[in-house]
Structure formats: C-alpha cells, structure tokens
Amino acid sequence: TVMVYIVMACTVMAFMGMTYRAMAQIFMAYRDLACIVMAGIDGVTSSTSSITGNYTFKANAFFYEGHFEENPITPGVLLTETMAQIGVVCLGIYLLKDEIYLDKKPKIALTSNQIDFFIPVLPNEKVTVVSEKEYFRFNKLKCTVKMLNEKDELVCRGTISGMIIAK
C-alpha cells in the first residue's frame, strides 16, 4: 500500500489546543489509505460557508507512471478526491467543530458526486479548490466545488455530497 501523509497548514483554528493540521489528521477517517491527498488549507470562511485549499501534485507520484507513459496527467479520480477532501471533509469538520472531541471522531462517507473535467493537471502543478456549502442538514453536506490551476483556469467543477457524523 502506498501511503501519502496529509499535510495541512494551521491557518483555520485551534481545537482543544490542537492545530487544524493535527485535528484533520486525527479525524480524517481514511487518512491511512492509499493515494490520500496532501492539502495545504488556505482558510475557512464561516460567514459564507466556504473553504479554499490547495495542493501540488508531485511529479514523482506513482500514479504518473502509467497515466500515461510519455504524457503524464493526473487521473480524474484523484482530482475528485482532492476536491472531496478539501471541499467536503475539511468543511464538514469545521461545521462540526463544536461536536468533535478526541473520543468523538467524525464518521465520513462520500454519498455522491458529479464532476465535469475541462483541462488536464500536469505533474508539479498546483491547484486550488474552492467549495461552497449548498446545504448541511441531517448530517449530509452538499457542496458546489471547483478546481483552478495556477493560471486561474477552470480544471473541473461539480457537486460533491457526503455524510459526516460525530460519534
């Protein structure tokens, strides 16, 4: 299993004396699975229920070896995963910040997504994810999410929904 560690900047909040990075590392239920996105969170704007974060896809990542030889591009499933982790998981953790404790970690599951792709993401390219909450009720979070490249061009956009429950 290939494991990539989650790296988050602590620009958002402190939670029980912990940085946002430490909180996210503890509470992201699938952080030990293969291909986890490394996200550098720029901030959370709670007044508009949105989050913005960024990630740079490293050129030496294993998935570029076969996708595609001589012309590597980032797989769409990883672009979707990047948007889900920044745009839904991190925003969901923020929205439940008053209900989450060390012994009461959130359970997170993707329920649906619909993403349209426009241009490829190349190795060593930095992307920015912008997510806006459509609704959060009955523990279901639905967000409108878009990804931009460093030239501020639209890479992909769509909606992603997930369930997040603090138990």
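Author: Of the 167 residues of the protein chain, 43% count as buried, where buried means under 20% relative accessible area, exposed over 50%, and partly exposed in between (1.4 Å probe, protein chains only). The model is predicted, so local features need pLDDT of at least 70 and side-chain atom pairs count only at pLDDT 80 or more, while totals for chains, interfaces and linings use all residues. Residues are numbered from 1 along each chain as its sequence is written, and side-chain values use heavy atoms, with hydrogens and water left out.

The accessible surface of the protein chain is about 8700 Å², and 52% of this belongs to carbon and sulfur atoms; the areas come from the Shrake-Rupley method with a 1.4 Å probe, and for residues only the protein chains shown count as cover.

The protein chain has two helices and six strands, which run α-β-β-α-β-β-β-β from the N terminus on. Helices (H or I, at least four residues) and strands (E, at least two) are DSSP runs, numbered from the N terminus. Among contacts in the protein chain between residues at least 6 apart in sequence, 67% join residues at least 24 apart; a contact means heavy atoms within 4.5 Å.

The largest nonpolar core has 25 residues. Such a core is a set of buried Ala, Val, Leu, Ile, Met, Phe, Trp, Tyr and Cys residues joined through side-chain atoms within 4.5 Å. The residues with the most contacts inside this core are F57, L79, M83, V121, M147, C156 and I160. Two or more residues each come from β2 (50-56), α2 (76-95), β4 (126-137), β5 and β6, and α2 gives the most, with eight residues. A second, separate core has seven residues, among them L96, I100, I108 and A166. In soluble globular proteins, nonpolar side chains tend to be buried together.

L79 touches F57, T74, F117, V121, M147, V155 and C156, leaving aside residues up to four places away in sequence. The structure holds zero disulfides, a disulfide being a pair of cysteine sulfur atoms within 2.5 Å.

T80 is found in helix α2. Its relative accessible area is 13%, so T80 is buried. With residues up to four places away in sequence again left out, T80 touches N113, I115, F117 and I160.

As for the strands, β3 (residues 106-117) and β6 (residues 154-166) pair in the antiparallel sense over eleven bridges; two strands pair if DSSP finds at least two bridges between them. L110 has G162 as its bridge partner in β6. Strand β5 (residues 140-148) also pairs with β6 in the antiparallel sense, over nine bridges, and L148 stands opposite L154 in β6. β5 and β6 form a hairpin with five residues between them, and D152 in the turn has a positive phi of about 65°.

Last, the charged pair. One salt bridge is found in a search of the whole structure, the term meaning a side-chain nitrogen of Lys or Arg within 4 Å of a carboxyl oxygen of Asp or Glu. K142 forms this bridge with E134, and the closest N and O atoms are 3.8 Å apart. K142 is partly exposed, with a relative accessible area of 24%, and E134 is partly exposed at 39%.
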